Amino acid sequence: MTDEQPSQGTALDRRILHELEPEAARLLNRHIGVAEEWFPHEFIPYRLGRDCDKEPWTPDHPRLTGVAQTAFEIGLLTEDNLPSYHHEIATIFRGEGDWGTWVHRWTAEEGRHAVAMRDYLMVTRSVDPDELETSRMTHMSTGFKNSHEDQLLHGVAYVAFQELATRVAHRNTGHLSNDEVCDQLMQRIALDENLHMLFYRNTLSAALDMEPNASMRAIADVVTNFDMPGANMPGFGRKAVQIALAGIYDLQQHLDDVVSPVLRAWNVFERNDLSGDGLVARDELIAFMDKSGKEAATFNDKREVYFDRLIAR
């Protein structure tokens with residue numbers, strides 16, 4: 001296939017973008033109207049900062065420790081990879097009109113998250129700065145690629161779930177930190193993530209009304225193959241288990257606090273405008289949710305046994 005012979009998917013994407021441009025404008029204006037301006041420096045205790053050249057970091061310095069430190073670092077490294085996410089979003093939205101305006105606004109807000117989170121880690125000495133920079137270079141050099149490359153509906157469905165998942169993880173990381181400054185910062189960032197989710201969720205809601213079958217296929221594909229954007233960083237699997245055990249982000253939370261609320265907002269299981277592959281996709285989604293619910297229950301039982309054994313020691 002050549003560039004002169006675009007795929008039917010590309011033609012469909014262009015039509016959806018064109019017809020949904022008024023909705024993009026409405027959602028963009030809504031976002032700008034409700035988003036509160038905030039400044040990272042107001043959340044960072046800079047008085048705690050010390051020069052690393054005069055007082056090198058040592059393991060006894062961290063203010064943030066344990067799994068909260070692990071979750072915070074993963075969250076920051078994920079936020080750091082913004083250039084890749086910008087490329088993905090700009091590609092599916094074609095970077096034009098109100099879609100392009102949204103991409104730049106979203107990118108600016110996401111960039112602020114990484115600035116604030118890194119400043120917090122540095123001034124509180126909660127992580128080895130050399131290791132953090134090495135991890136940042138490794139992760140950003142790997143980049144991020146959506147598994148449903150350049151597909152508009154799949155891309156929007158993915159970020160709708162991903163933004164809400166990030167909100168939940170950031171919020172719970174702050175709660176578990178036992179540090180008021182960290183908690184306030186992560187709650188502030190989580191508010192942004194929720195507003196970003198609303199833009200993408202409502203965009204796909206409009207697409208569902210326009211192209212229900214194609215949209216349902218995208219939703220099913222994304223939900224049944226979902227990975228967080230940081231899943232390709234070294235050691236992510238082991239750290240994700242630690243984060244799940246601590247209750248920061250586990251499968252039950254993913255289903256109850258992320259997937260189910262978004263599916264309800266889209267009225268997925270009550271829609272009567274589906275046919276053909278749209279119905280097949282919804283059946284796949286139902287089967288997946290049932291299977292995942294059982295897996296989550298099994299994990300919860302094992303986690304209880306794990307902590308019972310720790311207490312008994």
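The lining of the second largest pocket comprises seven nonpolar, seven polar and two charged residues, where Ala, Val, Leu, Ile, Met, Phe, Trp, Tyr, Cys and Pro count as nonpolar, Asp, Glu, Lys and Arg as charged, and the others, Gly among them, as polar. The space in this second largest pocket amounts to about 250 Å³. It is lined by 16 residues, of which Phe-144, Lys-145, Ser-147, Asp-227 and Met-228 are the closest to its centre.

The model is predicted: local features need pLDDT of at least 70 and side-chain atom pairs count only at pLDDT 80 or more, whereas totals for chains, interfaces and linings use all residues. Residues are numbered from 1 along each chain as its sequence is written, and side-chain values use heavy atoms, with hydrogens and water left out.

**Pockets and cavities**

Rolling a probe the size of a water molecule over the atoms shows where empty space is left. On a 1 Å grid over the protein atoms alone, a cavity is a set of points where a 1.4 Å probe fits but cannot get out, and a pocket is an open set with protein on both sides within 12 Å along at least five of seven lines; lining residues have an atom within 4 Å of a point. Grid points are joined across faces, edges and corners, and a volume is the space filled by probe spheres set on the points.

The largest pocket holds about 730 Å³ of space. Its lining has 32 residues, and the closest to its centre are Met-228, Phe-236, Ala-240, Tyr-249 and Asp-250. Two or more lining residues come from each of helix 3 (66-80), helix 7 (152-176), helix 9 (212-224), helix 10 (236-245), helix 11 (251-265) and helix 12 (277-312); helices here are DSSP runs (H or I, at least four residues), numbered from the N terminus. By class, this lining is made up of 18 nonpolar, eleven polar and three charged residues.

The whole structure contains three cavities of 30 Å³ or more. The largest cavity has a volume of about 230 Å³, and of its 19 lining residues the closest to the centre are Tyr-85, Trp-106, Tyr-158, Val-159 and Gln-162. At least two lining residues each are supplied by helix 3, helix 4, helix 5 and helix 7, with helix 7 giving the most, six residues. Nine of the lining residues are nonpolar, five polar and five charged.

The second largest cavity, of about 50 Å³, is lined by residues including Ile-16, Leu-17, Phe-93, Trp-99 and Thr-203. Helix 1 (8-19), helix 7 and helix 8 each supply at least two of its lining residues. This lining has ten nonpolar residues, one polar residue and no charged residues.

**Aromatic pairs and a buried histidine**

Rings of Phe, Tyr and Trp (its six-membered ring) pair if their centres lie within 6.5 Å; planes under 30 degrees apart count as stacked, over 60 as edge-to-face and the rest as tilted. The structure holds twelve such aromatic pairs. Phe-93 and Tyr-200 form a stacked pair, with 6.5 Å centre to centre and 20° between the planes. Phe-93 lies in helix 4 and Tyr-200 in helix 8 (residues 180-210), so the pair ties together parts that are 107 residues apart in sequence. Both Phe-93 and Tyr-200 are buried, buried meaning under 20% relative accessible area, exposed over 50% and partly exposed in between (1.4 Å probe, protein chains only). Ring pairs link Phe-93 and Tyr-200 with Trp-99, Trp-102, Trp-106 and Phe-199 into a cluster.

His-196 also lies in helix 8. The side chains of His-196 and Glu-109 are joined by a polar contact of 2.6 Å, that is, a pair of N or O atoms within 3.5 Å, of which, within protein, one must be able to donate a hydrogen and the other to accept it, and residues adjacent in sequence count only if both atoms are side-chain atoms.

**Positive phi and accessibility**

Phi is positive, near 55°, in Arg-125, and likewise near 55° in Asn-267. Arg-125 lies in the loop between helix 5 (97-124) and helix 6 (129-142), and Asn-267 in the loop between helix 11 and helix 12.

| Residue | Relative accessible area | Class |
|---|---|---|
| Arg-125 | 2% | buried |
| Asn-267 | 35% | partly exposed |
| His-196 | 0% | buried |
| Thr-91 | 24% | partly exposed |
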